[in-house]
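Work through the exercises below with the model in view. Try each task before you read its solution.

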Amino acid sequence: MSHLVTYHVEDNLALIGLASKPVNALGQPLRAALLEACERAASDPVVKAIIVHGDNGLFCAGADISEFGLPASFAAPALPDLLLRLTRIDKPLIACIGRFALGGGLELALACGYRVSAASARLGLPEINLGLLPGAGGTQRLPRLIGAEPALEMMMSGQPVRASQVMGQGLIDRVIGDGECLLDGARDFTRTLIAEGAPARPADPHPDPAVGLPEDFFARYRASHEPRWKNRLAPRLVLAAVESACVLPLDAGLQREVALFKEAEASLQSRALRHVFFAEREAGKVAGVSASTPLRPVNKVAVIGAGTMGGGIAMNFANVGIPVTLLELKPEALERGLGQIRNSYAISLQRGKLTQAELDQRMALLTGTLDYADIAECDLVIEAVFESLPIKQQVFRTLDEVCKPGAILASNTSTLDVDLIAAVTRRPQDVIGLHFFSPANVMRLLEVVRGKLTAPDVLATVLKLGKTIGKIPVVSGVCFGFIGNRMLEPYSREAHRMVLEGAAPAQIDQVLTDLGLAMGVMAMHDLAGIDVSFLVRESRRDAIAHDPSYCRIADELNALGRFGQKTKRGAYIYEGRERKDDFEVITLAERIAGELDIPRRPISAEEIHDRCLFMLINEGIQLLDEGIAERSGDIDLVWINGYGFPAWLGGPLHYAEQIGLDKVLAGILHYRKALGEYGEMWFQPAPLLERLVAAGKTGIERI
Ligand code: T1G
């Protein structure tokens, strides 16, 4: 018997344990071992029933994602075939679910006649998050078990549910309390089945999932959801598969599901989302930090500055039960900051995302102070004051004076040199950058800026803490704007330049949102504040002075006091939540273009795409070459989770690989020539890009 499963018989029960660390992913070897064990139990006359459980306490995280796109993915026994075989064993099969049953793991449980689960176990079909659909029976068997609509909802959300939440909905036959022994609970349940002579598979509660559904259910569902799906393939395939379950008999539906699955598996979108899945797992693996790197305790946190960012940052810690002290200079600022947090929680309460008890508990974890002495015993202090180096350095001098030895001192700076901030303290090894994204209690990205002297245990501690507060921590070295904002500069520069050359802000943003970005760059600056990006440019004016057109239109809007949404006017006009074109921006662009002798012309969607995206990609490759980012996947995560780059394109660097590095290079060289002096100034291919293309590489890595 393979070491990937355990097998033993107790009286007339066969217990098959999945033992493929770390998450019992159903790769080909585990599939083969499971089939062998089930066949053995099926043919053993002593055995009256079979319990399939997770030998290491967790049931199964689904198919092995690393096999997708490879022959192993459908190597015998293919998962659909294995599960079909299990449904035909003439003895009760009981899935005993601990911790989670996700994707193919839940499909394995659905192939069993009965399911027993720990109350806190998470059950879900998250395939859509990988650009896939359930491909081993989930789209056909789940609707027959719980009904087509709840099944569809589960697949479309891709979010797991707790077993305790779905009791009585037909998915789970018995829920075992977390304090009880799960396997014993499964044994008891199974013995009752045997005693009652229960069938191998009880009849499906919804043998015809179409019953009760309006005639045009799927057509209306498609029509109402298509706009939100943008150009994502997976939701369309999930819907088609569940529709098949409502019109085809089971066997035909299962075959249709496999065909749809193979279409999804081969898609560029799924390849991109699988890249993102593994990039999220890789991001925490950083040079100089290992599983044995000691962690510092973080039981008390302080945040300096109770503005919008400070308040949002504080909420992250209160949300996970860590007490936070907010420090401000003036009582009214402190009251305003705490008031904003209370309002934010009140909105969550109204929306049913929070209970009154949870709100009270979180507010009880938040205290305010005007006195640095009150934060002296904190384990982590995060500074979130105005984005000015002298002001931040002054705060860090004070923190160096008052904070206990061993406290981690972090700055939420979004662009400034963390080493220069650390240098004003006597403990630069305890200083690190923690760049949250607005709204800080919502955005998942956390750029962790590692200073030259940041200690490994400080880095390891904040990487773990970042996960604890539900963030995706990505490590960046010190440079202007770290990973995200540094790449934003050339991307934004090109957009503003093309406005001078003849493109309208809405035209530029349309190209980017058509590609799938959550928001166009002009609208993004209006949201973040044109005054904010102006100050960033002011802080590095010397680096851009040689280009008088550099975001010139934004400088002029700033001078006119048009800061974007907050002043109801920027690149657009804002009436309530509506965004409207502002033709005065075109007039302004015409005047500036005249002054700078920039010829105006029609700009194609292709040019907008290429100039914005290729400059974004080029800068990403350059900072990878400089070692600011450890891997291209990190850069992709930053733009997906911090700047609304579509995950189904895999992030800007994965997207570059899809386009073809040679085409990106050719595009940059084309505009270098076509845009004359301006092209010469800015369209300089990253040397690493040239090296990769010269070496015939299709993937982005440091060479
Ligand atoms: N395949 C391969 N490796 C996996 C894996 C999987 N399904 N799940 C996890 N891993 C690896 C992961 O890369 C990491 O490796 C280690 O396990 C620990 O993971 C036919 C089409 C289960 C909730 O989408 O959501 O079934 O970095 O760090 O935080 O219909 O992993 O240590 O080398 O995330 O405790 C559907 C994906 C597949 C679930 C655990 N299943 N996994 O979270 O640990 S498609 C999923 C997760 C499918 C069928 C279809 C999480 C987790 P390493 P981790 P964690």
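**Exercise 1. Find what share of the chain's contacts join residues at least 24 apart in sequence.**

Step 1. Take contacts between residues at least 6 apart in sequence; contact means heavy atoms within 4.5 Å.
Step 2. Of these, 73% join residues at least 24 apart.

Some background on the model. It is predicted, so local features need pLDDT of at least 70 and side-chain atom pairs count only at pLDDT 80 or more, while totals for chains, interfaces and linings use all residues. Residues are numbered from 1 along each chain as its sequence is written, and side-chain values use heavy atoms, with hydrogens and water left out.

**Exercise 2. Decide whether the chain's radius of gyration agrees with that of a compact globule.**

Step 1. The radius is taken over C-alpha atoms, and the globule rule is 2.2 Å times the number of residues to the power 0.38.
Step 2. For 703 residues, the rule gives a value near 27 Å.
Step 3. The chain has 28 Å, which agrees.
Step 4. For the extents, the C-alpha trace spans about 90 × 60 × 50 Å along its principal axes.

**Exercise 3. Describe the nonpolar cores of the chain.**

Step 1. Know the term: a nonpolar core is a set of buried Ala, Val, Leu, Ile, Met, Phe, Trp, Tyr and Cys residues joined through side-chain atoms within 4.5 Å. Buried means under 20% relative accessible area, exposed over 50%, partly exposed in between (1.4 Å probe, protein chains only).
Step 2. The largest core has 89 residues, and Leu123 and Leu171 touch the most other members.
Step 3. Helix α8 (residues 234–247) gives this core its largest share, eight residues. Helices (H or I, at least four residues) and strands (E, at least two) are DSSP runs, numbered from the N terminus.
Step 4. A second, separate core holds 83 residues, among them Val521 and Trp639.

**Exercise 4. Explain why helix α19 counts as largely enclosed.**

Step 1. Helix α19 covers residues 521–528.
Step 2. Val521, Met522, Ala523, Met524, His525 and Asp526 are buried.
Step 3. Just after α19, Gly529 takes a positive phi of about 110°.

**Exercise 5. Is Phe386 buried or exposed?**

Step 1. Locate Phe386 in the loop between β13 (380–383) and α14 (389–402).
Step 2. Its relative accessibility is 53%, so Phe386 counts as exposed.
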